[in-house]
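Please read it alongside the sequence and the coordinates shown here.

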Amino acid sequence: MGPDAKVAMTAPRLLHPGAWWLWAVALAACALRTTNPVLLCLIISVAGWVVVSRRADVPWSRSFASFLRLGTIVIVMRVAFQILFGVRVPGTTMFTIPEVTLPGWAAGVSLGGPVTIESLMAAVYQGLRLAAVLACFGAATSLCSPYRMLRALPTVLYEAGVAVTIAFTFAPQAIVSSRQVREARRLRGRSDRGVRAWTASALPVLEGALDRAVALAASMDSRGYGRRGSGSPAVRRRSIGLVLLGLVAIAVGSYGLLDPGAPALFRIPALALGAAALLGALIAGGKSTTRTRYRPDPWAAPEWIVSMAGLVAFGSFVIVGRMGSALSPSTNPLEVPAVPLIAVVGLLVGTLPAWFAPHPPTLASTSAPLVVAA
Amino acid sequence: MIRFEHVTITYPEATAPTLIDVSFEVPEGELCLVVGVTGSGKSTLLRAVNGLVPRFSGGVLAGSVVIDGRTTSEVAPRDLADVVGVVGQDPAAGFVTDYVEDELAYAMENLGVAPDVMRRRVEDILDLLGLHELRHRPLASLSGGQQQRVAIGSVLTAGPRVLVLDEPTSALDPAAAEEVIAALTRLVHDLGITVLIAEHRLERVVQYADRIVMVPGDGRPVVVGTPAEVFGESVVAPPVVELGRLAGWSPLPLSVRDARRVAGPLRDQLAAIDTAVFSRSPNSLGEVVAITDSLQASYGPVTALRGVDLEFRAGEVVALMGRNGAGKSTLLTHLVGLREPASGAVQVLGSQPHRLSARDVVRVAGLVPQDSGVLLYHDTVLAECSASDRDAGLAHGATRKVLDRIVPDIDPLTHPRDLSEGQRLGLALSIVLASEPPLLLLDEPTRGLDYGAKQRLVEVLAQLAADGHAVVIATHDVEVVAAVADRCIVLAEGEVVADGPARDVVVHSPVFAPQVAKVLAPLALLTVHEVELALAAASDSSYS
């Protein structure tokens, strides 16, 4: 029995997209709760390690590197803004840039002045936190294509068809489009490096990505996506209303959970309301739309392991957050960030998908065998 | 089945309607071919069948499109999914999933087909289109022809009565195109599906069409009729029809088979002609411009080029042919330095293009990519031209001068998006040519061009070669190769399998031979123009 069970566990297949997204969102939530650079770097490495071990052989799977690059840009920008416009924090001055005296109406905004190492480190920590969130999002898009996520969405969301399609596929399409624009620039004899190249190609990249997303939406629509079921317009309106209410409540609730300063009402009660509204929409909408699944994605042991790994990591951050200030190390006075053991163990659990998620099918394993058994 | 009643379509911000007062009807079970010059509104007409125009494009549709008794203004495209299947120009842009089987099932999932029925229909379609070996493959790993067949299959599983295809073979090599056309005729004959298809390369489909809808553009009325009726006076016609007109055959032949049966006398008349006079002598070639030396290239685990040794000389037009995925585009991107060779070397005028800066590389080699529009991103033609001068460090107005030579009457304040396909290609070509690269590369330049625009391109390329450029075109279009290429290289699986004078390479190949060569075999004449010259020569010699 042993080997058979092992085969079932590791046979190449695609993991349920919900599991990957749950895991990635949990990691991103960890990142949002901390400014500890050691933990943030750990989160980025965990995401990267799992991506490298389990990405499929499809175009999106190479988007992780682009998200890392974007993260680097965010950090650099954050530091640059701190140097130019940041609030002056007293401390060890590294260098001073000429101060510009602004007119009275701009009081509160400072330009130039002494730049302290404390203020720079705070900027780096905050930039790193955003970079880590981007890395988690990048991991999710590399590990499971936006298309699969679209198909797994509950039927009621289909009412918002086109908007949802564009929202989900825009980032990956922009990555494809940016490669194309970079090549085109080189063919025209323009430099493909430097800040100017980046800014000048932004508009064509966005245009290209939007065109692709709209073409995709048109293709989906003409193949029956978001098709009107048998339900009456009143039923559909009610389910759309419930979906909107549910999404807003969940957004507020997640914000409340992530921001320790938010009122208590914005936490568990908001989440509960959102979940109830979505459930109601599912029941109401389920009656009005007729949709079936060809080979539905199973939710089996690997899916449980992957999603639980994410949740355990998040849980460990919640616990560490309750215990002390290790999640937000002080930058004024500057101190060496402590490394809370529980959070590290939690993140190590977060790497479990690198071993327990099934391998995605590879080109070699999906090509038809050339030799037919006699 | 499909009825257009006084349809006029105007896009937002357009000064004139794209289609004016179009009325026609396609009965059930017909294969109807939509033809017309580029930019005449063929795609608009096709996309109006299930209401994607105006719902996804914006604009106004006056009149009505009735399909299977339903008017598109009242029914959304998604609710017509079980009646009409639409396959767009770029199949990959319409894929909604990552794997073949999922893609085939997608429309049925939306229609709520029961799971066991779905399984059965997917099997049927896999067999019908010969896709069963690809069922578990990622869509991104398929070749162009395979992707096109999957795209057709993905709309067929919903069981539509009408299939609408926009240039289904434009990106395909001749063999893959045959594959797709064969699948379509099978659908028409075995299942009685009504097919509406737009195509520029008429030589590929015209013999299968029951009816032709000719969209002349410029607001003139559409012409509808049988192929023989329409091609009697049409400006767009496949080479075999042109040959028939030249030889005065009646009725006009539509297929190579028809033409060959009446071509006996013409062959006899031309038998004495020495075809060598049509080939340029190799002495007129200049110095070597580019060399590849056992060039290898790979994308991840896939090897795209395996030890390619080639030389390109000034003054020659080289056609690069081969299946989709044979390595043609890869070779071009290496020659222009977009990619670094995995091993081996590329030398253009003594330097390695991938080591050069962007500004220097455009002076030795220029590439017009497959979708030439990606080179353009300014608001007006004028802005494109001056940006190009600035980028390449040229004197002001240099690009404009080249443009005026290639596409003379172009309004400099037009938005590049509003240009016709041929004009846009001309603009992209001028931008690349402005810095006068000795090596000029074009990837699939004739995609989406009608016969007239192709003819102009052929003239421009011949002129460039005469001016001393080495011109390399990667193409599937055998008629263009026949018209312009001096030398033909065939790639297969990243290796050079044939390299020689174009006439020798294409004339006896069942796949690459142009229609005229097939009709007149064993004579080595490639184009209608050559036949014309040969006839003139024959009549001269008979008088003397």
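## Packing of two helices in chain B

In this predicted model, H3(B) and H5(B) pack with their axes 6 Å apart and at an angle of about 35°. On the H3(B) side the contact is made by B:Val100, B:Glu103, B:Leu104 and B:Ala107, while H5(B) supplies B:Val150, B:Gly153 and B:Ser154. Sorted by class, the contact of H3(B) with H5(B) has four nonpolar, two polar and one charged residues.

## The interface of chain B and chain A

Where the two chains meet, 68 residues of chain B are in contact with 51 residues of chain A. The area buried between chain B and chain A is about 5,200 Å², and carbon and sulfur atoms give 53% of that area. Of the area that chain B buries against chain A, 14% is supplied by B:Arg78, B:Glu109 and B:Tyr377, which is more than any other three residues supply.

Across this interface there are 17 residue pairs in polar contact, counted with both residues at pLDDT 80 or more. The elements of chain B that give two or more residues to the side touching chain A are helix H3 (100-111), helix H4 (115-128), helix H5 (144-156), helix H13 (358-364) and helix H14 (381-392). The largest share of that side, ten residues, comes from H3(B). By class, the side of chain B that touches chain A has 38 nonpolar, 13 polar and 17 charged residues.

## Salt bridges between the chains

Over all chains the count comes to 23 salt bridges, and the rule finds seven salt bridges across the interface of chain B and chain A. In the pair formed by A:Arg295 and B:Glu101, the closest N and O atoms are 2.8 Å apart. A network of salt bridges links A:Arg295, B:Glu101, B:Glu123 and B:Arg135.

## Salt bridges within chain B

The side chains of B:Arg201 and B:Asp477 meet in a salt bridge with an N to O distance of 3.6 Å. This pair links distant parts of the chain, 276 residues apart, with B:Arg201 in the loop between strand E8 (194-198) and helix H7 (202-205) of chain B and B:Asp477 in the loop between strand E17 (470-474) and helix H18 (478-484) of chain B. B:Arg201 has a relative accessible area of 3% and is therefore buried, and B:Asp477, at 1% relative accessibility, likewise counts as buried.

A further salt bridge joins B:Asp499 and B:Arg487, whose closest N and O atoms are 2.9 Å apart. Because B:Asp499 lies in strand E19 (residues 495-501) and B:Arg487 in strand E18 (residues 487-492) of chain B, the pair ties together parts that are twelve residues apart in sequence. B:Asp499 counts as partly exposed at 41% relative accessibility, whereas B:Arg487 is buried, with a relative accessible area of 13%. The side chains of B:Arg503 and B:Glu530 also meet in a salt bridge, at 3.0 Å from N to O. Here B:Arg503 lies in helix H19 (residues 502-507) and B:Glu530 in helix H21 (residues 528-543) of chain B, so this pair ties together parts that are 27 residues apart in sequence. B:Arg503 counts as buried at 10% relative accessibility, and B:Glu530 is buried with a relative accessible area of 9%.

## A loop glycine in chain A

A:Gly86 lies in the loop between helix H4 (63-85) and strand E1 (93-100) of chain A, and with a relative accessible area of 9% this glycine is buried. From C-alpha to C-alpha, A:Gly86 and A:Trp355 are 44 Å apart in space, and they are 269 residues apart in sequence.

How values were computed:
Residues are numbered from 1 along each chain as its sequence is written. Chains are lettered from A and ligands numbered from 1 in the order in which they are written. This is a predicted model: local features need pLDDT of at least 70, side-chain atom pairs count only at pLDDT 80 or more; totals for chains, interfaces and linings use all residues. Side-chain values use heavy atoms; hydrogens and water are left out. Contact means heavy atoms within 4.5 Å. Buried area is the accessible area (1.4 Å probe) that two parts lose on being put together, summed over both. A salt bridge is a side-chain nitrogen of Lys or Arg within 4 Å of a carboxyl oxygen of Asp or Glu. A polar contact is a pair of N or O atoms within 3.5 Å; within protein, one must be able to donate a hydrogen and the other to accept it, and residues adjacent in sequence count only if both atoms are side-chain atoms. Helices (H or I, at least four residues) and strands (E, at least two) are DSSP runs, numbered from the N terminus. Ala, Val, Leu, Ile, Met, Phe, Trp, Tyr, Cys and Pro count as nonpolar, Asp, Glu, Lys and Arg as charged, and the others, Gly among them, as polar. Axes are lines fitted to C-alpha atoms, for helices over the stretch in contact, and angles run from 0 to 180 degrees between N-to-C directions. Buried means under 20% relative accessible area, exposed over 50%, partly exposed in between (1.4 Å probe, protein chains only).
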